[in-house]
Amino acid sequence: MARLILLLAAVALVWWWLRSRRSPVRTDSAAPKPPANSHAAHEMVSCAHCGVHLPQSDSVSDAAGAFYCSDEHRRLGPGPGEKP
């Protein structure tokens, strides 16, 4: 009887080991879906003070409509090669 239990335990262990080595099968419903706008293009603008390019959504603009990369550069105004 002990040999039968030992044999069943060995078979169960081998079955578990083989099953854990298999790569999990993913279905389309289980795959995470990216957000709808993840590949949408963002309009890029240039900082009027330093010239760095950044997405318009991350920029800061002044009353005249110029874009800046930070409040500090907005406060300093257009940079040395830029038109005021």
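This is a predicted model: local features need pLDDT of at least 70, side-chain atom pairs count only at pLDDT 80 or more; totals for chains, interfaces and linings use all residues.

Q: Okay, which side chain does Glu72 meet in a salt bridge?
A: Glu72 pairs with Arg75, at 2.6 Å from N to O. A salt bridge here means a side-chain nitrogen of Lys or Arg within 4 Å of a carboxyl oxygen of Asp or Glu. Residues are numbered from 1 along each chain as its sequence is written, and side-chain values use heavy atoms, with hydrogens and water left out.

Q: Where do Glu72 and Arg75 lie?
A: Both are in helix H2, 3 residues apart, so about one turn of the helix. Helices (H or I, at least four residues) and strands (E, at least two) are DSSP runs, numbered from the N terminus.

Q: And how many salt bridges turn up in the whole structure?
A: The search finds 2. Arg74 and Asp71 also meet in one, at 3.6 Å from N to O. Arg74 and Asp71 are separated by about one helical turn because they sit 3 residues apart in helix H2 (residues 71-76).

Q: Is Arg75 buried or exposed?
A: Arg75 counts as exposed, at 56% relative accessibility. The cut-offs are under 20% relative accessible area for buried, over 50% for exposed and partly exposed in between, with a 1.4 Å probe and protein chains only. Glu72 is partly exposed at 42%, as is Arg74 at 36%.

Q: Switching to cysteines: how many disulfides are there?
A: The count is 0, taking a disulfide as a pair of cysteine sulfur atoms within 2.5 Å.

Q: What about the overall layout, what pattern does the chain follow?
A: Along the sequence the pattern is α-β-β-β-β-α, with 2 helices and 4 strands. Of the 84 residues, 11% count as buried.

Q: Which residues form the nonpolar patch on the surface?
A: Met1, Leu4, Ile5, Leu7, Leu8 and Val11, with about 670 Å² of accessible area together. Patches take residues with over 30% relative accessible area and no salt bridge, joining like charges within 9 Å and nonpolar side chains (Val, Leu, Ile, Met, Phe, Trp, Tyr) within 5 Å. Areas come from the Shrake-Rupley method with a 1.4 Å probe; for residues, only the protein chains shown count as cover. Leu8 is in helix H1 (residues 2-21) and counts as exposed at 54%.
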